[in-house]
Amino acid sequence: MLSGGIWIKEALHLIGRRPDRVWNSGDCHLMRIKRIRVFHFAAPFVIGFHSPHRLAKRADSIILEVEATEGIIGYGECVPRSYITGETCSTVAEIISSIFPGILLTWEFNSIPDAVRMMSRLESLCRSKSIP
C-alpha cells in the first residue's frame, strides 16, 4: 500500500502538476490553523423550480475558508436546509463563528487521524450545546 504522500505526488504528476512539498506520514510537521473565514454564498438560478418544500430561486450555502500557519488554504461547503435539519445559513455561520475558533485555532495536527479527532471534538462540543 502506498503512503498518502506518495499517492498525492503520483496523482499530481498524472495531471501535470508537481507539488512544492509532499509530507509523508513519517514527517513530524505540526500544522496549525491561523485563520477561519465564513462566507455566505448565494447563486440565483436562471429558472426557479418547485420542490415539495419550497419554490427555489437560488442556491444558498456557507463556504468556510481555513488557513494554516504555513499558508495552506482549504475550503469547505455547508448547504443548510431548514426543512431537513432546521439549520439556516445564518445559524450555521453563527455556530462556526462562535464555537469553531476555540478548537480550530488551538489544535495542532499532522495526520488524518488528528484531523478526525479534531472534528469529533467539534461535533461533541456542538452536541453538548444541543446543536444538531
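**A guided tour of the model**

The protein chain has an accessible surface of about 9,400 Å², and 59% of it belongs to carbon and sulfur atoms. (Accessible areas come from the Shrake-Rupley method with a 1.4 Å probe; for residues, only the protein chains shown count as cover.) This is a predicted model, where local features need pLDDT of at least 70, side-chain atom pairs count only at pLDDT 80 or more, and totals for chains, interfaces and linings use all residues. Residues are numbered from 1 along each chain as its sequence is written, and side-chain values use heavy atoms, leaving out hydrogens and water.

**Start with the whole chain**

Switch to a cartoon view. (Helices, H or I of at least four residues, and strands, E of at least two, are DSSP runs numbered from the N terminus.) Of the 132 residues, 25% are buried; buried means under 20% relative accessible area, exposed over 50%, and partly exposed in between, with a 1.4 Å probe and protein chains only. Among contacts (heavy atoms within 4.5 Å) between residues at least 6 apart in sequence, 49% join residues at least 24 apart.

**Next, select E67**

E67 sits in strand β2, which covers residues 55-68. Is E67 buried or exposed? E67 is buried, because its relative accessible area is 12%. Now show the side chain of R35: a polar contact of 2.7 Å links it to the side chain of E67. (A polar contact is a pair of N or O atoms within 3.5 Å; within protein, one must be able to donate a hydrogen and the other to accept it, and residues adjacent in sequence count only if both atoms are side-chain atoms.) Leaving aside neighbours within four places in sequence, the residues in contact with E67 are R32, I33, K34, R35, I72 and I73.

**Then move to A56**

A56 is also found in strand β2. With a relative accessible area of 1%, A56 is buried.

**Finish at the two rings**

Keep F45 and F49 selected. A search of the whole structure finds 1 aromatic pair. The ring centres of F45 and F49 are 5.5 Å apart and their planes lie at 40°, so the pair is tilted. (Rings of Phe, Tyr and Trp, the last by its six-membered ring, pair if their centres lie within 6.5 Å; planes under 30 degrees apart count as stacked, over 60 as edge-to-face and the rest as tilted.) F45 is partly exposed at 32% relative accessibility, and F49 is partly exposed at 42%.
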